[in-house]
Amino acid sequence: VQLQASGGGLVQAGGSLRLSCAASGRTFSDYALGWFRQAPGKERAFVAAISRSGTMTYYADNVKGRFTISRDKTKNTVYLQMNSLKPEDTAVYYCAASRAYCSGYGCPRGEIQYGYWGQGTQVTVSS
């Protein structure tokens, strides 16, 4: 599956952005989808994930309540709605696809569980 992320940009603290990631090449519903981010000088970190059906979601603690992941099977696209943005949300954001399943214990959140990655999109939050 090929992934193409978009929607990044510059926003003031407290503002909102919506990232999109369009998938192509394979059956969209065969994959759980996730978002990761990498801030300058830091390792890439898990942000959010959504199950194949879209009925289960999982978030990193530091974005819970502010970010929402969703998917649209008619458009083969996964979204990350980011509200109440903070300067510490500044990072390059990556979407990724996993053949793993979500369960009652959560969705895949390790990089190694994701076999397909999109290019990053830069999000910069100014104070």
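Trainee: Which residue stands opposite Thr77 of strand 8, looking from Ala22's side of the pairing, and what is Ala22's place in it?

Mentor: Ala22 itself is the residue that stands opposite Thr77 in strand 8. Please keep in mind that this is a predicted model.

Trainee: How do strand 3 and strand 8 pair, and over how many bridges?

Mentor: Strand 3 and strand 8 are antiparallel, and six bridges join them.

Trainee: And what stands opposite Thr77 in strand 7's pairing with strand 8?

Mentor: That residue is Asp72, which stands opposite Thr77. Strand 7 and strand 8, the latter covering residues 77-82, also run antiparallel, with six bridges between them. Another facing pair is Ser70 and Tyr79, the latter in strand 8.

Trainee: What lies between strand 7 and strand 8?

Mentor: Four residues lie between them, and the two strands form a hairpin. In the turn, Asn76 has a positive phi of about 50°.

Trainee: Is strand 8 mostly covered or mostly open, and how many of its residues are buried?

Mentor: Strand 8 is mostly covered, with five of its six residues buried.

Trainee: Changing topic: how many disulfides are there?

Mentor: The count comes to two disulfides. One of them is formed by Cys21 and Cys95, whose sulfur atoms are 2.0 Å apart. The other joins Cys102 to Cys107, with an S to S distance of 2.1 Å.

Trainee: Which parts of the chain does the pair Cys21 and Cys95 link?

Mentor: The pair links distant parts of the chain. Cys21 is in strand 3 (residues 17-24) and Cys95 is in strand 9, 74 residues apart.

Trainee: Is the disulfide of Cys21 and Cys95 right-handed or left-handed, and why?

Mentor: The torsion about the S-S bond of Cys21 and Cys95 is about 60°, so this disulfide is right-handed. The link of Cys102 and Cys107 is right-handed as well, with 110° about the S-S bond.

Trainee: Are those cysteines buried or exposed?

Mentor: Cys21 is buried, at 2% relative accessibility, and Cys95 is buried at 1%. Cys102 has a relative accessible area of 15% and is buried, while Cys107 is buried at 4% relative accessibility. The cut-off used here for buried is under 20% relative accessible area.

Trainee: What pattern do the disulfides follow?

Mentor: With bonded cysteines counted along the chain, the pattern is 1-2, 3-4.

Trainee: Now the charged side chains. How many salt bridges does a search of the whole structure find?

Mentor: The search finds four salt bridges. Among them is the one between Arg37 and Asp89, where the closest N and O atoms are 2.9 Å apart.

Trainee: Where do Arg37 and Asp89 sit in the chain?

Mentor: Arg37 is in strand 4 (residues 32-38), and Asp89 is in the loop between strand 8 and strand 9 (91-98). They are 52 residues apart, and the pair links distant parts of the chain.

Trainee: Are Arg37 and Asp89 buried or exposed?

Mentor: Both Arg37 and Asp89 are buried.

Trainee: What about Arg44, which residue does its side chain meet?

Mentor: The side chain of Arg44 meets that of Glu111 in a salt bridge, at 2.9 Å from N to O. Arg44 lies in the loop between strand 4 and strand 5 (45-50), whereas Glu111 lies in the loop between strand 9 and strand 10 (116-117), 67 residues apart. Arg44 is partly exposed, with a relative accessible area of 24%, and Glu111 is partly exposed at 33% relative accessibility.

Trainee: Which residue does Lys64 meet in a salt bridge?

Mentor: Lys64 meets Asp61, with 3.2 Å from N to O. Asp61 is exposed, having a relative accessible area of 64%.

Trainee: Last one: which residues do salt bridges that share partners join into one network?

Mentor: Arg37, Arg66 and Asp89 are joined into one network in that way.

Methods:
Residues are numbered from 1 along each chain as its sequence is written. This is a predicted model: local features need pLDDT of at least 70, side-chain atom pairs count only at pLDDT 80 or more; totals for chains, interfaces and linings use all residues. Side-chain values use heavy atoms; hydrogens and water are left out. Two strands pair if DSSP finds at least two bridges between them. Buried means under 20% relative accessible area, exposed over 50%, partly exposed in between (1.4 Å probe, protein chains only). A disulfide is a pair of cysteine sulfur atoms within 2.5 Å.
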